Amino acid sequence: MSIEVKHITKKFGEQKALNDVTFNIPSGQVVGFLGPNGAGKSTMMKVITGFIKPTSGEVMINGISTNNPRIDFRKSIGYLPENNPLYTDMFVKEYLCFVAKVYGLGEIGPKRVKELIELTGINHEQNKKIGQLSRGYRQRVGLAQALLNRPSVLILDEPTSGLDPNQIVEIRQLIANVGKEKTVMLSTHIMQEVEAICSRVIIINNGILVADDTTSKVMLHNMGSVQDILIELADEVNDDVFRAIPNILKVTRVERKTWLLSSKSEDDIRPEVFRFCVDKGYTILTLKQKSKQMEEVFQTLTQINS
């Protein structure tokens with residue numbers, strides 16, 4: 001397990017920012033860490049990265065307790081905080097080389113800086129002062145410094161906040177690429193971002209864990225008592241054909257060759273619908289779940305648990 005959070009509670013005076021939170025994140029996952037403002041997201045990230053100590057509980061990074069004073073677990077972590085503090089009077093390449101020296105990378109530092117300048121797409125900006133960069137490029141510089149020491153765990157707090165649509169797409173793609181070989185914990189308020197790049201969702205509200213599962217299951221299990229499947233075939237068939245599929249409650253024709261199938265099954269029924277159509281020799285053009293958007297699921301979970 002890359003990140004193990006065990007019964008973490010954090011108090012500020014009498015206020016509980018985190019209340020007995022437990023979850024595990026294995027290597028190779030990009031996890032969306034969600035919650036409304038004040039839910040405890042940034043506090044949890046600061047606890048995981050060692051910036052603040054929990055009141056009780058324990059965090060393990062690659063099997064090393066963050067309470068262990070003999071081993072520096074932070075060498076395994078890359079952290080991009082929400083405000084992305086950078087030395088704006090330094091040039092981009094100069095700054096990254098400085099950070100490499102702080103990390104103690106020695107002779108491999110300049111080579112690593114060059115690799116990350118390429119990876120994060122800041123080649124043409126490397127000789128500019130950081131203060132001259134757009135917010136999007138500053139985020140790239142912040143991500144580059146977070147990756148300098150080849151961390152196995154990457155913690156990103158609102159990495160696309162304040163970016164324009166093009167910059168958001170670019171940073172998302174960069175995070176998705178990095179996430180193929182690292183554990184990435186991503187805090188964001190942009191639900192489309194979660195659906196686009198996160199394989200799993202953890203949601204907290206008022207310091208309490210309210211959801212932890214794959215993105216698709218969190219959406220499916222919180223979409224109400226009925227799930228709808230939109231199916232389009234190459235040929236027109238009779239509506240009654242679909243009523244032979246187990247767990248189908250209602251069949252509604254949307255267009256001449258498109259139907260909405262409603263089911264009360266708790267499991268995703270698309271595999272069952274697909275097998276049925278293949279057995280019957282029907283050519284499927286579209287088969288998708290018409291579920292709630294992540295925004296609706298988020299609102300439902302955080303309002304119920306307020």
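What share of the contacts in the chain with a separation of 6 or more is accounted for by residues 24 or more positions apart? With contact taken as heavy atoms within 4.5 Å, that share is 67%. The model is a predicted one, in which local features need pLDDT of at least 70 and side-chain atom pairs count only at pLDDT 80 or more, while totals for chains, interfaces and linings use all residues. Residues are numbered from 1 along each chain as its sequence is written, and side-chain values use heavy atoms, with hydrogens and water left out.

The chain has 306 residues, of which buried ones make up 47%, where buried means under 20% relative accessible area, exposed over 50% and partly exposed in between, with a 1.4 Å probe and protein chains only. Its C-alpha trace spans about 70 × 50 × 30 Å along the principal axes.

We turn next to the interior. A nonpolar core is a set of buried Ala, Val, Leu, Ile, Met, Phe, Trp, Tyr and Cys residues joined through side-chain atoms within 4.5 Å, and the largest such core holds 46 residues, among which Tyr95, Leu96, Val141, Leu154 and Leu156 touch the most other members. Leu154, if its neighbours within four places in sequence are left aside, is in contact with Gly78, Leu143, Ala146, Leu147, Val178, Thr183, Val184 and Met185. A second, separate core has 24 residues, including Leu18, Val31, Met45 and Ile202.

Ile48 is placed in helix H1, residues 41-48, and counts as buried because its relative accessibility is 0%. Ile48 and Ile155 are 107 residues apart in sequence, yet their C-alpha atoms are 8.7 Å apart in space. Gln167, in helix H5 (residues 165-178), counts as buried at 17% relative accessibility, and beyond its neighbours within four places in sequence Gln167 is in contact with Ser134 and Gly136.

Aromatic rings give another view. Rings of Phe, Tyr and Trp (its six-membered ring) pair if their centres lie within 6.5 Å, with planes under 30 degrees apart counted as stacked, over 60 as edge-to-face and the rest as tilted; by this rule there are five aromatic pairs. Phe23 and Phe33 form a tilted pair, at 6.1 Å centre to centre and 45° between the planes. Phe23 lies in strand E2 (residues 15-25) and Phe33 in strand E3 (residues 30-34), so the pair ties together parts that are 10 residues apart in sequence. Both Phe23 and Phe33 are buried. Tyr87, Tyr95 and Phe98 form one aromatic cluster.

Finally, there is the open space. A pocket, on a 1 Å grid over the protein atoms alone, is an open set of points where a 1.4 Å probe fits, with protein on both sides within 12 Å along at least five of seven lines, and lining residues have an atom within 4 Å of a point. The largest pocket contains about 580 Å³ of space. Its lining has 19 residues, the closest to the pocket centre being Phe51, Tyr79, Val99, Tyr103 and Gln145. H2 gives the most to this lining, with four residues.

Notes. Grid points are joined across faces, edges and corners, and a volume is the space filled by probe spheres set on the points. Helices (H or I, at least four residues) and strands (E, at least two) are DSSP runs, numbered from the N terminus.
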